[in-house]
Amino acid sequence: MRFLVTDTVDGPDNSSKCIRVRLNVGGNSGRGKNSRKRKDRGEKPYDSRGSDHWPQDLGKFLRFHLYKENKDTQDALGLIAKMLGIQPRSFGFAGTKDKRSVSTQRVTVFKQRANKLAALNEKLIGIKVGDFCYANEGLLLGQLYGNRFTITLRGVIAESDDIIKASAAALGKNGFVNYFGLQRFGSGLVPTHLVGATLLRGEWKAAVNMILDPREGDIL
C-alpha cells in the first residue's frame, strides 16, 4: 500500500522549519515506520524530528542559560518549543522558577543547534537564551544544589534611613519567619500553619501524620 507521510525538518535559515512530504510504503495495517508508537522509538522521551543526521562528535543535548521576566519556566519553554517546531518534552531543567521574578536557570534541549536558539533572541520578549554548550546528558528535576535570591523591596516608608538600615541589619543577623502556606502543603482540613509549627519544632512524625492521616469525608 502506497501513501504519503510527512515530517518536520530544518529550513533554509536558522529559525525556520519545513514540512517534508514523501511517498512511503506500509504493510496491511496501513501504518508506516513513522507512525510507530512512542514506546517503540529509540529516543523515547524526546522529540527527535529533523535530527536524523546529528553529528556523532556533538553531545545530544544543547545546554544553555534561560533568562526570563514575569514568566514561569513551563510557559517560557513552551513558547521556545513552539518557535522551534518541537515538543516541550525535549527540554530538561532541574527546577521551576517563579513567574513573578527576573530569573535565570540552566536548561537542556535534545538535538538542537545553538545558532537556532540564539536566532530566537531577536523575536522573544522577556526571554533570552545564551551561554551554549553541548552535553551528553540532559537535566532532570531535582538536579540542583539550591536557589539564590536577590530580593528587592519597593515603596518602603520609614521615618528615617537609619531605621531602614537597622531593620536590614537585624534581618541579616536574625533571619525571618519562614511562612508555610498552600504552595507546600495544599488546602487540607488541617491549617497549614500548624503543620509548619510542628516542622519548626522538629516533630517530623507529627507533621507527617497531620498531612496524611485519614479525615472525615476521605474516600478510602
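**Salt bridges and nonpolar core**

Arg106 has 32% relative accessibility, so Arg106 counts as partly exposed (buried is under 20% relative accessible area, exposed over 50%, partly exposed in between, with a 1.4 Å probe and protein chains only). The model is predicted: local features need pLDDT of at least 70, side-chain atom pairs count only at pLDDT 80 or more, and totals for chains, interfaces and linings use all residues. Residues are numbered from 1 along each chain as its sequence is written, and side-chain values use heavy atoms, leaving out hydrogens and water.

Salt bridges
- The count is 2 salt bridges (a side-chain nitrogen of Lys or Arg within 4 Å of a carboxyl oxygen of Asp or Glu).
- Arg106 pairs with Asp131, with 3.9 Å between the closest N and O atoms.
- This pair joins distant parts of the chain, 25 residues apart: Arg106 lies in strand β5 (residues 102-110) and Asp131 in strand β6 (residues 127-135) (strands are DSSP runs of E, at least two residues, and helices of H or I, at least four, numbered from the N terminus).
- Asp131 is partly exposed at 47%.
- Glu203 bridges to Arg201 at 3.1 Å between the closest N and O atoms; Glu203 is partly exposed at 34%, and Arg201 is exposed at 53%.

Nonpolar core
- The largest nonpolar core has 19 residues, of which Phe64, Leu66, Ile80 and Phe91 touch the most other members (a core is a set of buried Ala, Val, Leu, Ile, Met, Phe, Trp, Tyr and Cys residues joined through side-chain atoms within 4.5 Å).
- Helix α1 gives the largest share of this core, 5 residues.
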